[in-house]
Amino acid sequence: MTSPRASVLADTLTWSFRLLFALVALLAGAWLVRGVQRVPPENRAVVLRFGQVVRTVGPGLLLTWPSPIESVVLLPSQGRQVQFAPEALERQSPLDQGMQNAPGQASAVSDNARDNTWFFLTGDGGLVHLRTMLFYQIDDPVAYVVAGDHIEPMLRRALITAALHLCASRSLDGILVARPEAAGTPDRVAQRERFARELVREVNRRLRDAPGAGTGIEVARIDVVPSIPAGAKESFDTVLAVGQQVERSLADARTTAETRRQIAEQGRQGALDDARARAEEMVRTAQARSALILSLGRDPSLDRATVVDQVYRERVKSLFDIVGRVETVPVDTHARTFISGATP
């Protein structure tokens with residue numbers, strides 16, 4: 001017969017195995033449950049089995065083997081844009097603090113050349129600082145996951161190389177408004193408008209030409225804020241202020257000249273009108289005085305005696321219109337004629 005002591009030991013071992021089995025089963029269930037997860041609508045998932053990509057899935061419920069067999073990497077959907085600031089990769093320095101200035105404010109140049117990041121030489125020998133913010137989309141999730149931590153360094157190198165190439169191919173006024181006298185030309189305006197688009201195109205080309213399987217991304221937009229070094233900004237501001245003052249002086253001079261021209265034109269026009277009126281009056285007077293003489297050649301019935309008599313009558317009539325009373329005496333006497341109102 002089995003002793004009570006052995007029976008108790010056997011029961012203890014039996015329950016211990018049952019409890020251990022239940023615990024293992026519970027842990028196995030919890031481990032399996034970890035393989036059930038949900039992919040949000042704005043994401044997509046890449047499943048890796050022992051570090052190798054096996055499949056990609058869209059939003060919804062996802063069943064995978066739990067870690068370490070399979071792992072899941074959540075990526076933004078294809079329509080979403082991922083923001084990338086290249087300056088964030090740089091170590092903090094006094095120059096980096098200067099980069100936090102407001103858009104358009106000049107950046108400082110450090111005495112240490114290694115701190116002068118994102119300063120580029122232009123084709124005309126100028127110096128420009130570019131503050132950039134890059135937005136890209138993931139077109140190939142598998143290539144993106146395979147590239148992994150190399151994505152941001154590759155983006156930064158491609159952006160720097162593209163910016164270096166574009167800045168060297170145009171002048172300072174083709175990137176930002178630096179000199180007012182040259183910044184308004186159509187060629188400079190078109191270059192400034194195309195700068196960000198050409199930068200996006202150049203970065204994408206360099207990413208496609210990169211060695212390896214590619215990055216699986218495409219740059220959608222690059223926001224660029226160009227500025228000039230702080231030391232040069234004061235000089236450019238002084239030139240701009242002087243240029244504006246000269247423009248105002250020229251505008252005032254043009255206004256004064258135009259006002260004087262209008263006054264002179266009005267005086268000239270008035271003088272011409274007065275001259276024309278006097279000339280017309282003189283012509284009419286001359287025509288009236290010469291009408292009788294001219295009529296001699298046109299009317300053959302008029303002779304000299306008739307004309308003299310007509311002139312005499314007109315002159316006498318004008319004389320009689322002046323006097324008030326006339327007394328006459330016979331011509332055969334030697335008496336005088338007295339005209340009232342006239343001096344004898």
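1. A residue is called buried when its relative accessible area is under 20%, and exposed when that area is over 50%. By this definition, buried residues make up 26% of the 344 residues in the chain. The model discussed in this note is a predicted one.

2. The chain has 8 helices and 9 strands. Among its contacts between residues at least 6 apart in sequence, 65% join residues at least 24 apart. The points below consider one helix and its surroundings, two further helix residues, and one sheet.

3. Helix α4 covers residues 151-168, which is 18 residues. From its first C-alpha to its last it reaches 26 Å, close to the 26 Å expected at 1.5 Å a residue. Its buried residues are I151, M154, L155, R156, A158, L159, A162, A163, L166 and C167. An α-helix has 3.6 residues a turn, so residues three or four places apart point the same way. A student may wish to read the list of buried positions with that rule in mind.

4. Which elements cover the buried residues of α4? The cover includes the strands β6 (82-84), β7 (119-121), β8 (127-138) and β9 (217-227), together with the helices α3 and α6.

5. The largest nonpolar core has 36 residues, and within it Y136, L155 and V219 touch the most other members. Two or more residues come from each of β2 (43-49), β6, β8, α3, α4, α6 and β9. Helix α4 gives the most to this core, with 8 residues. L155, one of the buried residues of α4, touches F84, L134, Y136, L207, I217 and V219, when residues up to four places away in sequence are not counted.

6. Y144 lies in helix α3, residues 141-147. Is this residue buried or exposed? Y144 has a relative accessible area of 17%, and because the limit for a buried residue is under 20%, Y144 is buried. Leaving out residues up to four places away in sequence, Y144 touches L75, Y136, I138, I151, T215, G216 and I217. The pair Y144 and I217 shows how sequence and space can be compared: these residues are 73 residues apart in sequence, and their C-alpha atoms are 6.9 Å apart in space.

7. Helix α6 spans residues 186-208 and contains Q191. Q191 is buried, at a relative accessible area of 14%. Residues up to four places away in sequence aside, Q191 touches R170 and G174.

8. An open sheet of 3 strands is arranged in the order β3-β2-β5, with antiparallel pairing. Why is one side of β3 (52-57) and of β5 (70-76) left without a neighbour in the sheet? These two strands stand at the edges and each has a single partner strand, so one side of each has no neighbour there. On average, neighbouring strands of this sheet are turned by 25° against each other, direction ignored. Strands β2 and β3 pair in the antiparallel sense over 5 bridges. The bridge partner of R49 is Q52, in β3.

9. E70 is found in strand β5. At 3% relative accessibility, E70 counts as buried. The side chains of E70 and R49 are joined by a polar contact of 2.5 Å. Setting aside neighbours within four places in sequence, E70 is in contact with V47, L48, R49, R55, T64 and W65.

Key:
Residues are numbered from 1 along each chain as its sequence is written. This is a predicted model: local features need pLDDT of at least 70, side-chain atom pairs count only at pLDDT 80 or more; totals for chains, interfaces and linings use all residues. Side-chain values use heavy atoms; hydrogens and water are left out. Helices (H or I, at least four residues) and strands (E, at least two) are DSSP runs, numbered from the N terminus. Buried means under 20% relative accessible area, exposed over 50%, partly exposed in between (1.4 Å probe, protein chains only). Contact means heavy atoms within 4.5 Å. The expected span of a helix is 1.5 Å times one less than its number of residues. A nonpolar core is a set of buried Ala, Val, Leu, Ile, Met, Phe, Trp, Tyr and Cys residues joined through side-chain atoms within 4.5 Å. Two strands pair if DSSP finds at least two bridges between them. Axes are lines fitted to C-alpha atoms, for helices over the stretch in contact, and angles run from 0 to 180 degrees between N-to-C directions. A polar contact is a pair of N or O atoms within 3.5 Å; within protein, one must be able to donate a hydrogen and the other to accept it, and residues adjacent in sequence count only if both atoms are side-chain atoms.
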